[in-house]
Every structure is written in C-alpha cells, then in structure tokens.
Amino acid sequence: MAFFDPEFYRGKKVFLTGHTGFKGTWMSRILIGAGAVLTGYSLAPATDPDLFSMADIEDKMTSVIGDIRDLSSLKAAFDKADPEIVIHMAAQPIVRDSYKDPVYTYDTNVMGTVNILECVRLSKNVKSFLNVTTDKVYKNNEWEWGYREDEPLDGFDPYSNSKSCSELVTHSYKASFFSSEDAPAISTARAGNVIGGGDFANDRIIPDCVRAARKGEDIIVRNPYSTRPYQHVLEPVCAYLMIAQRQYEDRKYASWYNVGPDDCDNVTTGDLVDMFCGKWGGIKRVDRSDPNAPHEASFLKLDSSRLKKTFGWAPTWHIDTTMSKIVEWNKVWFSGGSVPEIMDRQIKEFITR
Ligand SMILES: NC(=O)c1ccc[n+]([C@@H]2O[C@H](COP(=O)([O-])OP(=O)(O)OC[C@H]3O[C@@H](n4cnc5c(N)ncnc54)[C@H](O)[C@@H]3O)[C@@H](O)[C@H]2O)c1
C-alpha cells in the first residue's frame, strides 16, 4: 500500500532540488509517472555512470542545472516554475568529502537551505515545503536507543553538522515567517542510510560493492562493525511524498520527522556486505580498517514513532528484500537491460505492496 496518493500529484507543480542525484532521480521518476509538473534544480550529475541520464526523465520535466548557492539563479528558476510543493534535497552529502572541504559543505548545505527558504518566503503559491536532512543531525551519544525528534541537533563532522544547521535554519524560518494559518506548511525529514539500485557515489558501501562485483574483486570494508539504519531508497522517497502531500492537505501535519527502518533492519556494515555477497554470488568481503580514517559514528539508530503514529506509516521492505532489489537492479543494468523499466517495476512493486 502506498502511503501517499500518486493521483494527488497529478497536475501539481513541484519544485525539487537535487533532482540529478540518487534520491532525486528516483523521486523524479515517481512524480513524472504520477503526472506532476516537475521542475528540478541541481548541479549536473557528478558520477560516471549516473542514474539521472539512465532514468530517461530529462525530457519529461524542466531540468535546470544551477548552483543552490546562487540565489538569483535559483530564484529565477523557482519563480518560473511557480510551485505549490517544494522538496529540498540538494546537498553535499558525503561525510568524508565534508572533511576535505568543510567550507563548500557548509556553504551548500546551510546557505543552500537559506536560499531555497528565501524563495519559498517570497512566493505566493507554495503550500508545502519539505527539507530533506539526515539521521546524522543528532548529537551522537553512541547509545543503543533510537534518536527522537526532540533530541539535541549537533552532528559531529562537517556534513552532519551542516545538516543540523540546515534543520535550525528551517526551524527559524518556520517560527519567523511561516506561523500564520495561510503560510506554507514546513517540515523536515531525517532519514537513515539509503541504499538501492543506481547509487554510484564514492565512499558509500553499496556502490563500493557494485564496483567490486563488476570487476569480480573482493569488497573492502572499512568499518564492518558500524551499525546504521539502512533502508531502500523508495522508503524515504515515498515517505517524503507522503509528508509533502499530507501537510499540503492539512498544515497540522507539518513537523520534524524521523524516517528509519524497523529495529531488525539496523544491521552492521559487515552483515550488509555479506548479504550482498550471498545474493550476488562468487564474491567475498575483506575487512581492512584505515587507522587514519576520520571520525564516523559507530552506532546510529532512529526512532520513527512520530511518523508511524501520525500517518500510520511503516517501512515496506525489510533488509533482505531491499538487498534482493539492489542485486536485481544491478544485474539488469550489467546485462544491458532497461533501467527505466526496472525502476518502474520496483516502484510499482513498492507502491502496491
Ligand atoms: N544517501 C543517503 O544515505 C542519505 C541519507 C540521509 C539523507 N540524505 C540526504 O538526501 C539528499 C539527497 O542525497 P543523495 O543520496 O541523493 O545524494 P546525491 O549526491 O546523489 O545527490 C545530491 C544532489 O544535490 C545536488 N547538489 C549538490 N551540490 C549542489 C549545489 N551546490 N547546487 C545545486 N545542487 C547541488 C546534486 O547535483 C545532486 O542532484 C541530501 O540532502 C542528503 O543529505 C541522503
């Protein structure tokens, strides 16, 4: 069962930042399929190969290539689109890259949020705004409980911390400019580690597995014992569409929401890689810790009770199904099959389950 109504999006004007990325491309494919009038604003795809080009969506939407740090360029694209619904995903999302370039990371993730909120503030027609942040926004106490939405926001590394700041910017804009009954509904969503077909980023575990599998090499794992809330990309993407829809219909639903998997799906990176190897066949994992690696949290879990209680939401695919879908997607791609077709098939299976 879908937790959002694809029909709701038919004819709706949606502005999505980060549409050329991993999550953004999956969301764009869903929105285009639902009949939304979609404008995306992002940098050009940064990986080779890249999912955006494979997904066959560019000519079915208005795709604007621009920098989120450039307010005048963003505002020109925004005003032209005149959206009712805005979903903000554009970000520098890699922890290790944030250690290499903290200034760019803060600039993009914090001032990018200010810039998109400025566009919303100056628009007359936006009814629903969702800022996509992350599970890493919380001050990590390395404890075994899941973080709840009212816990301190204080990410450790520049990426996590820039997303904590992005949350705070959103909170301030909501309190300062969007408190009246006719103002847009404003939410943030803090999702777990997202995996799925079509992620080609550096320094993420499933893309590392896929690259190794393609070459028939062992998979090198840096942090086999770190536990993360892994979830299929369609879980948060569909939850974002649910929140954006429901708060559009009734602004009482605007809030800060965790979007995490069930407890049984918080697995270690080592177990995750073993699962991939088991389903792929013929490859194995090799643990090789890096003594010079920058700090990364070793235990992270989200409590998604608010999302569940408010909307009756629950995760759709457990980790075993998620891994089967990743392997299925990549085997189709490896063998030269149709990427748009496998995306649509997996979206349909997910939404109608
Ligand atoms: N992938 C995950 O595990 C995960 C988990 C939690 C939250 N998130 C968040 O979800 C969002 C999407 O992540 P993703 O995994 O799709 O990342 P991605 O790297 O695949 O996509 C990032 C998108 O942001 C755009 N972008 C980056 N810098 C930009 C800039 N300066 N100007 C304009 N656009 C810019 C890119 O062009 C791309 O479209 C991000 O906000 C990320 O922080 C991701």
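**Close-up views of a predicted model**

**View 1. Residues around the ligand.** Of the 23 residues around the ligand, those that come nearest are Gly18, Gly21, Ser42, Leu43 and Ala91; a residue is near a molecule or strand if its C-beta atom, placed from the backbone, lies within 6 Å of it. Helix H1 (22-34) and S7 are the elements that give two or more residues to this shell. H1 gives the most, with three residues. By class, the shell divides into 11 nonpolar, nine polar and three charged residues; Ala, Val, Leu, Ile, Met, Phe, Trp, Tyr, Cys and Pro count as nonpolar, Asp, Glu, Lys and Arg as charged, and the others, Gly among them, as polar. The model is predicted, so to speak of local features requires pLDDT of at least 70, and side-chain atom pairs count only at pLDDT 80 or more, whereas totals for chains, interfaces and linings use all residues. Residues are numbered from 1 along each chain as its sequence is written. Helices (H or I, at least four residues) and strands (E, at least two) are DSSP runs, numbered from the N terminus.

**View 2. The sheet of seven strands.** This open sheet has the strand order S3-S2-S1-S4-S5-S6-S10, with parallel pairing; two strands pair if DSSP finds at least two bridges between them. Strand S3 (62-65) and strand S10 (256-259) are the edge strands, each pairing on one side only. From one strand to the next, the twist averages 15 degrees; axes are lines fitted to C-alpha atoms, for helices over the stretch in contact, and angles run from 0 to 180 degrees between N-to-C directions. Strand S2 (residues 37-42) runs parallel to S3 and is joined to S3 by four bridges. Gly40 has Ser63 in S3 as its bridge partner.

**View 3. The contact of H3 with H5.** Helix H3 (residues 71-81) and helix H5 (residues 102-121) pack with their axes 10 Å apart, at an angle of about 40 degrees. The two helices are therefore oblique to each other (angles under 35 degrees count as roughly parallel, over 145 as roughly antiparallel, 65 to 115 as roughly perpendicular and the rest as oblique). Leu71, Leu74, Lys75 and Phe78 in H3 meet Asn115, Ile116, Glu118 and Cys119 in H5, where two residues are in contact if their C-beta atoms, placed from the backbone, lie within 7 Å. The residues of this contact comprise five nonpolar, one polar and two charged.

View 4. S7 pairs with strand S9 (residues 227-232) in the parallel sense over three bridges, and Ile195 stands opposite His232 in S9.
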